[in-house]
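Dear colleague,

I am passing on the structure below, and my notes on it follow. Please read them with the coordinates open beside you.

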Amino acid sequence: MAFQDCYPEELSHCYGCGKNNHDGHQLKSYWHTEQGNVSEQAAEETVAHFMPEQRHTAIPGFVYGGLIASLIDCHGTGSAAAMAYRQAERAMGTLPALRFVTAALNVSYLAPTPMGVELELIGRFIEVKAKKVVVEITVSANKVVCAKGTVVAVKMPDSMSPA
């Protein structure tokens, strides 16, 4: 099951990954091993796939950079939540919810990202603490790394919880 599918209903409205936002990207993130990769390294990696649509065009034939940043952002916070549950030895989605928000996002665009190709995002954990997780994410198209990003995700403050 995707990390984002385990979020409580009241916390599932994000444009990038919220299952309750039908106009959004609906990004789904998983542990890499759930996608058939059984290497030891993959056990600590996360993966998501996304097929850009025509509305995500920057220049004909190429993906808009804002979409790539959005995907890195949402895959990073979803990966942070999954790692927090793993560290707490809790099943994903158990209450109280462990949700993370973006404290910092840094994206480097390394190559033009072509349209018509499914994008693969791979997340690797750089730092894991109780209230902060840093995830490095690569975005590839046809096995060519097009972008890299770092997400500093922090535990969602109580002030952001829905009333």
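Predicted model: local features only at pLDDT ≥ 70, side-chain atom pairs only at ≥ 80, totals over all residues.

Residues are numbered from 1 along each chain as its sequence is written, and side-chain values use heavy atoms, with hydrogens and water left out.

Helices (H or I, at least four residues) and strands (E, at least two) are DSSP runs, numbered from the N terminus. Helix α1 covers residues 65-87 and reaches 33 Å from its first C-alpha to its last, close to the 33 Å expected at 1.5 Å a residue, that span being 1.5 Å times one less than the number of residues. After α1 comes Glu-89, whose phi is positive, near 55°.

The largest nonpolar core has 37 residues, and Leu-71, Phe-100 and Val-139 are among those with the most contacts inside it; such a core is a set of buried Ala, Val, Leu, Ile, Met, Phe, Trp, Tyr and Cys residues joined through side-chain atoms within 4.5 Å. Helix α1 gives the most to this core, with 12 residues.

The structure holds zero disulfides, a disulfide being a pair of cysteine sulfur atoms within 2.5 Å. For Cys-17, the nearest cysteine sulfur, that of Cys-14, is 3.9 Å away, and Cys-17 counts as buried at 1% relative accessibility.

Best regards

Methods
Buried < 20%, exposed > 50% of the residue type's maximum accessible area, 1.4 Å probe, protein only.
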